[in-house]
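Work through the following exercises with the sequence and the model side by side, and try each task before reading its solution.

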Amino acid sequence: MAVDFPSLTTEQINALRAQVEQQFAANPPERPQIIEFEQHRFVVKFQRQEKDRSRQERLSALGYLLVFRKWLPPACFRSLSVQEEAQRITLLQHAGIAVAPIYYHNKHYFIQAYSGVSLDTLLPRRTEPARLALIFDVVANLAHLHAKKQWHGGPQIRNLTLLNKQLFRIDFEERFGFYTPLALSQCYDLVLTFNSIKKFLHDDLNLGEQLFWHYWHINPNTELIPYLQKLLRWLKPLIGFGHYLGRVNKHNNDINTSIFFGQILNSVLPTIKKASA
């Protein structure tokens, strides 16, 4: 069932803005807030007063250089402002991507339609069959996004919501995709998506491969292959020591998820390369 988001007049938007500014003027919250207005729910996201992130930006630039052997200035890894994010969401909506509409934005906050509960909250509550079906939907949704020549930047399941059985994407703070090849940004989306769903797959490599093929059958973009190969070259040493690292780092999700995705790539890439040759 398609979601029918509310249509607001200029007067209603002005009244909604007044409500937001009255309610949050004294102390704008760090996290997005859900508010009620004329029997509809809306999300208000405020500009965060972040601490200095220059070290994190430099580390991101260094990691990009090491893996892909290309240099991007650290500023390319700086988060978008709320105004820039609102503008990007509007462009994605015009491109046919399932995002909730933006009603108003300025340099301090934006107002967006409510698009449901995060999958990070929903998935643990589902039965195993229902959870697995929704995970396949997540992967298909990413493939359709990429097939439309778009990228997310933060595609983890916490940034997907479900409303009336329809998936929506939220949180478009990443900037780097404007400065990298589209296929590389999409490769990054693929990695983050698999990393975020891995905890629900019970280390079932066969299931992970099925999910990858589910993506590839919808979006068989051979331009992704060189970037996936570069990533695999970095992950192969971890795969080789996977058993040992798994025992030593049972609670290190970063290492375990990296090994798991590397194992998937190690299995599927030869077939993909052969088919595309």
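**Exercise 1. A strand and its neighbours**

In this predicted model, histidine 105 has phenylalanine 110 as its bridge partner in S4. Starting from that pair, work out how strand S3 (residues 102-105) is joined to S4, and then find the order of the strands in the sheet.

*Solution.* Begin with the two strands that hold this pair: three bridges join S3 to S4, and the two strands run antiparallel. Between them lie three residues, and S3 and S4 form a hairpin.

Next, turn to strand S2 (residues 40-46), which is joined to S4 by five bridges, again with the strands running antiparallel. Here valine 44 has isoleucine 111 in S4 as its bridge partner.

Then follow S2 to S1, with which S2 pairs in the antiparallel sense over five bridges; in this part of the sheet, glutamate 36 stands opposite arginine 41 in S2.

Put together, these steps give an open sheet of four strands in the order S1-S2-S4-S3, with antiparallel pairing. Strand S1 (33-37) and S3 are the edge strands, since each of them pairs on one side only. From one strand to the next, the twist averages 25 degrees.

**Exercise 2. The covering of S4**

Decide how many of the residues in strand S4 (residues 109-113) are buried, and which of them point one way and which the other.

*Solution.* Count first: five of the five residues in S4 are buried, and the strand is mostly covered. Then sort the side chains by direction: Tyr109, Ile111 and Ala113 point one way, while Phe110 and Gln112 point the other way, and all of these are buried.

Finally, look for a helix on the sheet: helix H1 (residues 10-24) packs there, touching S1, S2, S3 and S4, and its direction makes about 130 degrees with that of S1.

**Exercise 3. Two cysteines**

Explain why cysteine 76 and cysteine 187 are too far apart for a bond.

*Solution.* Recall that a disulfide is a covalent bond between the sulfur atoms of two cysteines. The cut-off for counting one is a pair of cysteine sulfur atoms within 2.5 Å. The closest cysteine sulfur to that of cysteine 76 belongs to cysteine 187 and is 18 Å away, so the distance is too far for a bond. Accordingly, the structure holds zero disulfides.

**Exercise 4. Two packed helices**

Describe how helix H2 (residues 54-68) and helix H8 (residues 225-240) pack, and name residues that meet.

*Solution.* The packing angle is about 100 degrees, and the axes of H2 and H8 are 9 Å apart. That angle makes H2 roughly perpendicular to H8. In the contact, Leu66, Val67 and Phe68 of H2 meet Tyr227, Lys230 and Trp234 of H8. Sorted by class, the contact of H2 with H8 has five nonpolar residues, no polar residues and one charged residue.

**Exercise 5. A leucine in a helix**

Is leucine 119 buried or exposed, and which residues does it touch?

*Solution.* Locate leucine 119 in helix H4 (residues 119-122). With a relative accessible area of 0%, leucine 119 is buried. Leaving out residues up to four places away in sequence, leucine 119 touches Pro124, Leu134, Val138, Ile157, Leu160, Leu162 and Leu167.

Note on methods: Residues numbered from 1 in each chain as written. Predicted model: local features only at pLDDT ≥ 70, side-chain atom pairs only at ≥ 80, totals over all residues. Heavy atoms only, no water. Axes fitted to C-alpha atoms, helices over the stretch in contact; angles between N-to-C directions. Parallel < 35°, antiparallel > 145°, perpendicular 65-115°, else oblique. Contact = heavy atoms within 4.5 Å. Nonpolar A, V, L, I, M, F, W, Y, C, P; charged D, E, K, R; others polar. Buried < 20%, exposed > 50% of the residue type's maximum accessible area, 1.4 Å probe, protein only. Pairing = 2+ DSSP bridges.
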